[in-house]
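Have it open beside you as you read.

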Amino acid sequence: MVIILGKRLFQLIFVLFLLSAATFTMMKLAPGDPVRSLLRTDEFLTTQADEAKLRKELGFDLPIVVQYGEWMAGVMQLDLGKSYLTGKPVLDVMASRLPITAQLTGGALLVMLLITVPLGTAAALMPGRWPDHLGRALALIGASVPGFWLGLLLIYGFSYKLQLFPSMGKGGFFHMVLPCFTLGFSLAAVYARLLRNGLLESLSQHYIRAARARGVSERVILTRYAFRAALLPVVTMFGMSIGYLLGGAVVVETLFSWPGLGNMVMDAIFGRDYPVIQGYVLFTGAVVVMINLIVDLSYRAIDPRIRFGKGESA
Amino acid sequence: MIKNPVLQISGLSVALRAHSGSWIRHLVQGINLTLYPGEMHGLVGESGSGKSITASAVLGLLPGSLGITEGEILLNGKAIHRLPEKAKRRLRGREMACIFQNDQGSFAPFRKIGKQLTEALQAHEKMSSREAREISCEWLERVKLPAQRVFDSYPFQLSGGQLQRTSLAASLMMKPSLIIADEPTTALDVLTAEQILDLLSGLQKKTECAVLLISHDLTSVLKRTDRMSVMYGGHLMESGPTASVRRNPLHPYTKMLLKARPPLDGFMPDRLAAIPGEPGAVADQGCPFAPRCPYRKEACVHMPASGVRADDHSSACLFADPEGGDSIAAVARSDQDREVVWR
Amino acid sequence: MNAAIKKAVLRPARNGRYVWLSANPLLLIGISLLFVFMLLALSGWLLAANDPLAVNMAERLKSPSLEYPLGTDHMGRCIFSRLISGARTTLGITAMVLMTVMVIGIPMGLLCGYAGGRIDALFMRLVDGLLALPEFILAIAVAGFLGPSLMNLMLSVVLVKWIGYARVVRGVVMAEREKEYILAARVGGARTFKLLFRHLLPQAVSPVMVLAAFDVGKVILTISSLSYLGLGAQPPAPEWGAMLNDGRPYFQTAPELMLYPGAAIMLVVLAFNLIGDGLRNVLDLKERWRGNPG
């Protein structure tokens, strides 16, 4: 247990180091001079002196290793620098955007659950019947449809033609419907299939038959036996899907003008706001590693064989 | 005192269903079995002879592709083969229980034994978790297991023997009147198997339940059961008191099975007699054993296999004769004849 | 002698391939769909008589006609010609990306699986690190720092995708390298190089094929998504995702501007997913690479 945790923690640090080094290098390699572009955006006449002053202020005159060291020391204290564009601390900007993105991804996961669980269960209980075919078709479409296109179609249909839901910005429940559905749909389709396969496999296990022979009710068998066994592949896949979710959030946020982290980073990219991009990349990497740590831990909760070192390890 | 039978199967047929819903093939045909309280009934046969399908039919756990086409199953006098699923579920575990062959497969690997036991108890009777725990532990002790430890263990932490004891406890704890033991010892080593069967017989005497012991291990069936039945190709070949079947097998298949068994005493022969040919498919017509039977006659292939029935000891062979009459004996007397056929 | 052996080995394989297609309607549909697209893309210069880049403001937003089979876009360009030329762009880029990925990934997998030890450990560390970074995020980072361009986008996809191939090949090599036939070949004096490419690599062909079939779809989705965001192909290049982005302001008045490129993306990805599904069934691989979107 401790070893696994330690290993994951080490991975977290290693990944963050790798990411920080990579983003820092890329930032330095980046074409164009941020100092100049900064000054240009201020629309003032700039002099050599101004430029040198700003350069010094940003620490760009120091040797690169020292710059990295100082930057890293800052990161350690959660100081990710200041946005070139607004001058606000990157951490503050991200902190204000994070809940908005969390709301979107949370909603998408909810949409996913609302589709996946009933559809996957129905398909597993009626293999070869219409819910199964529906699930199969949806899985294929879900894995093939570009998210941004689905979003556009939804906007066109539900927002422009039917005028049911708003298509722009953040607001109440109605603002969440289309973005969350857009982000959650592909996941739902794929996971419904995964759940169906897992359930079918676990329902064919001998222990299910034995439980039936003991007179345990079908409801208990489904919820406490079959679902539990089918959860393993689902949870494993979730660790891999988190990247999709975060990437998809960027697309969906742009599409629906949702003022979250994704929108922030898109603005930062087009504005060459390197500290913000850097902060975003570091944060995302950390989230992915953390989620995988949680997946590992829940794996052990789901299958005690892993906890006791029997059977296959995570 | 005449006891009422616990289980009465009469004329049971099970068939495979096609996608269209029509019956394709019979897997079990015309099975008659009667079990009385406190009786252990052995059901032997090769793999695929229909033993386990019969057991599943009784339990109401036939897979969706199979169904009962004919006959009836009475449990304590009540017809159970046509009950709705919910009513069947109430009977399972409480009125009839099952011990399966696969020791690892009786309990879900990711849930503690205790939970699975109490859950079964609570599925049938309203009781507190504490009560359920007490009952479970009491029965774990009766099967001579360290109750507390097993209760809090996961299935993979127990050995095969321990698990089979646990499933014995699980099946007995609701004091069912019928226990179906579907090859309960096949996956175990000989010594452990003997211990499990000892336990089963011991506890059976205490609870007065009937046991249907399904096995392809002829030796333990002969040793432990009161009555036995032999199945082949979905048909019942012979049925009777174990002692009588052993001493005086009526059906050629039973005779050959008994010959194929290593003797309990004396010397091991150089070669055990084997039954020639491959285990046959289920025949819809005639005797299923006919293709492999050394005493085969013209009639065997066409006539339905429902032969001599003595009161207590019956055989499906057309020519079997409890009095040691001429038909089989005549053929069997000629050793050369047999040689020819066997080759 | 040698030829006879070859014949004996090859015939069942050919025969098998024949059986596959008829036994797998999904695979068949996928391949036919792809074939149609290929034909369209290849015969682009015949069918698409119009220059996909030619702006003609007098002819903007025209409905379908003989001259413009699918009408014109907001700048009077022939939508059909742009779609066709977009197919070439998209499929070409994807093919290039996957080829690069395999050229890097497969030898890496062979090396790590065969060498084991420290090289392998180092590799796994690196993989752990890179896997924490979803390709989409990496693409954003690369586009953000090095500027949005198709080249940079391809670079970031390659940076992430090669891992999958290296891992699959590594797994196969590790499983196979202790088997008798490899030992026999080694005892027989086969050189390591020959061992790797003649004996071990063929074992990895089917899993790599399935992985690649699914990856085509994923790469197309990634590239078009990022192009839509403006981080990939830049206008006026006729890339499907960029076309969607281009037509976005007009989508209320001219929904077909977004309908066609999106449908094209979906159908091509669908074709490859069908092929992937079919191949996996045929090659009897586990559901390990079941479409994880993204």
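1. Start with B:Glu138 and B:Arg142, whose side chains form a salt bridge with an N to O distance of 2.9 Å. Keep in mind that this is a predicted model, so every distance here is computed from predicted coordinates. Both residues belong to helix α4 of chain B, and because they are four residues apart there, about one helical turn separates them.

2. Next, have a look at B:Arg224, which meets B:Glu194 in a salt bridge at 2.8 Å, N to O. This one links distant parts of the chain: B:Arg224 sits in helix α8 (residues 218-224) of chain B and B:Glu194 in helix α7 (residues 190-207) of chain B, 30 residues apart. B:Arg224 counts as buried because its relative accessibility is 14%, under the 20% cut-off. B:Glu194, at 24%, is partly exposed.

3. B:Arg224 has another partner, B:Asp198, and the closest N and O atoms of that salt bridge are 2.8 Å apart. Since B:Arg224 is in helix α8 of chain B and B:Asp198 in helix α7 of chain B, the pair ties together parts 26 residues apart in sequence. B:Asp198 is partly exposed, at 44% relative accessibility. Through shared partners, salt bridges join B:Glu194, B:Asp198, B:Lys223 and B:Arg224 into one network. For context, the search of the whole structure turns up 16 salt bridges over all chains.

4. Now for helix α3 of chain B, residues 113-124. Its 12 residues reach 18 Å from first C-alpha to last, close to the 16 Å expected at 1.5 Å a residue.

5. Which residues of α3(B) are buried? The helix is mostly covered, with nine of its 12 residues buried. Among them are B:Ile113, B:Leu117, B:Ala120 and B:Leu121, and the list also includes B:Gln116, B:Glu119 and B:His124.

6. What do those buried residues pack against? Within chain B, the buried residues of α3(B) pack against α2 (85-91), α4 (129-142), α5 (147-151) and α6 (160-172). Chain A contributes too, through α10 (218-255). Helix α4 of chain B is the one that carries the B:Glu138 and B:Arg142 pair from my opening point.

Definitions and conventions. Residues are numbered from 1 along each chain as its sequence is written. Chains are lettered from A and ligands numbered from 1 in the order in which they are written. This is a predicted model: local features need pLDDT of at least 70, side-chain atom pairs count only at pLDDT 80 or more; totals for chains, interfaces and linings use all residues. Side-chain values use heavy atoms; hydrogens and water are left out. Helices (H or I, at least four residues) and strands (E, at least two) are DSSP runs, numbered from the N terminus. The expected span of a helix is 1.5 Å times one less than its number of residues. Buried means under 20% relative accessible area, exposed over 50%, partly exposed in between (1.4 Å probe, protein chains only). Contact means heavy atoms within 4.5 Å. A salt bridge is a side-chain nitrogen of Lys or Arg within 4 Å of a carboxyl oxygen of Asp or Glu.
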